[in-house]
Amino acid sequence: MKVAVVVDDLDPARRRRCFWEEQLRALPEVEWELVSLQENMRERRFFNIYAFDVVIFNWCVLDGAVMYDSDRAQDILAFYDDHFVQFVRRGGVVIMENQPKRWRPAQKAYEILFAGQLAVQSRENYLYGPSVKVSPQLKSHPLLQGMPATIDSAYGQEPGASWFPPGSTSPRSIAELNPAKMYSGAFQTWSREWLPLLYAADGENPVMLAKTEGLGLWIVTTMFIGSSKVHDLIESLVVGSRNHSTAIRHFHTTQVRLRRIRTLGSATAVVLLGFALFFTLRTGLLTSKVPYGDTWLGSIAISVVFATLASGATFLRRFLFLSWRSARSRWWTYS
């Protein structure tokens, strides 16, 4: 298996630290190579993505930082985006670590390949932590099997270990580094083809999304996976994503089918509840006097209101919440 890790620069003294080198050395079946999009372009060399099985974007490599030519990396990726799409459709895997500007995920970095598909939290939020939670609803996903409900960072560098070349970044960024964190920021909205696999410590905001396309897989995160040194998770993402590609596609297809069934069933329940209330009002079975309940229009309006209230207070509350969140995501996607 061949893996490419996209970094700022091939000179370790000129790039932000790549923690993937150590992690990939521990996987004997993996051959890996560091790739700099900017250096390839300067040397007039095409990055032959099709020579690899997995491509990993190192943290911050697409964040737009002028110091590291990340703005140039964004332009190069935007120009060659169709190659990455074809790479995934043919069975490749793309893994994107967190792409933050001063530790807040930069929306533009995710827009290059996933325009209109997902949104990160606003820059006013600085949500971070040393552990993530596996989605209870998706814990049987092939990439998550065998994982504990909570995954903790195993960051093992010395306290003074630098993530940046000396003098290359601001004191504010250094002060907010928090190196043991597994994630920084989270996704706020995402289109329905994405599955939220891992969540922040609060269990409310996803920090890893995955979707299948063709024969391959996209994995986008607001996580620092390499530095967290969680060997089982790294092996699952890098090796398991290829070895279990058929099972992953089947799982995603099944989830789409189940979501449609749940939506249809919940919508049917709401409609039946509304009809039951309407029938009760029109047949006089309800002995209490209901305002406007003796008119057709009033009966319909009251049935709709009561069905909605009952749904929100009982077993359909979760469905209505997810429907609202999905509608908000679709509105954001197409607005």
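Student: How many cavities of 30 Å³ or more does a search of the whole structure find?

Tutor: A cavity is a set of points, on a 1 Å grid over the protein atoms alone, where a 1.4 Å probe fits but cannot get out; lining residues have an atom within 4 Å of a point. Grid points are joined across faces, edges and corners, and a volume is the space filled by probe spheres set on the points. Here the search finds two cavities of 30 Å³ or more. This is a predicted model, in which local features need pLDDT of at least 70, side-chain atom pairs count only at pLDDT 80 or more, and totals for chains, interfaces and linings use all residues. Residues are numbered from 1 along each chain as its sequence is written, and side-chain values use heavy atoms, with hydrogens and water left out.

Student: Which residues line the largest cavity?

Tutor: Its lining consists of Leu37, Asn40, Met41, Arg45, Phe46, Phe47, Ile49, Ile76, Tyr80, His83 and Phe84, around about 110 Å³ of space.

Student: What is the volume of the second largest cavity?

Tutor: About 50 Å³. Among the residues lining this second largest cavity are Gly91, Thr212, Ser245 and Arg249. H9 gives the most to this lining, with three residues.

Key
On a 1 Å grid over the protein atoms alone, a cavity is a set of points where a 1.4 Å probe fits but cannot get out, and a pocket is an open set with protein on both sides within 12 Å along at least five of seven lines; lining residues have an atom within 4 Å of a point. Helices (H or I, at least four residues) and strands (E, at least two) are DSSP runs, numbered from the N terminus.
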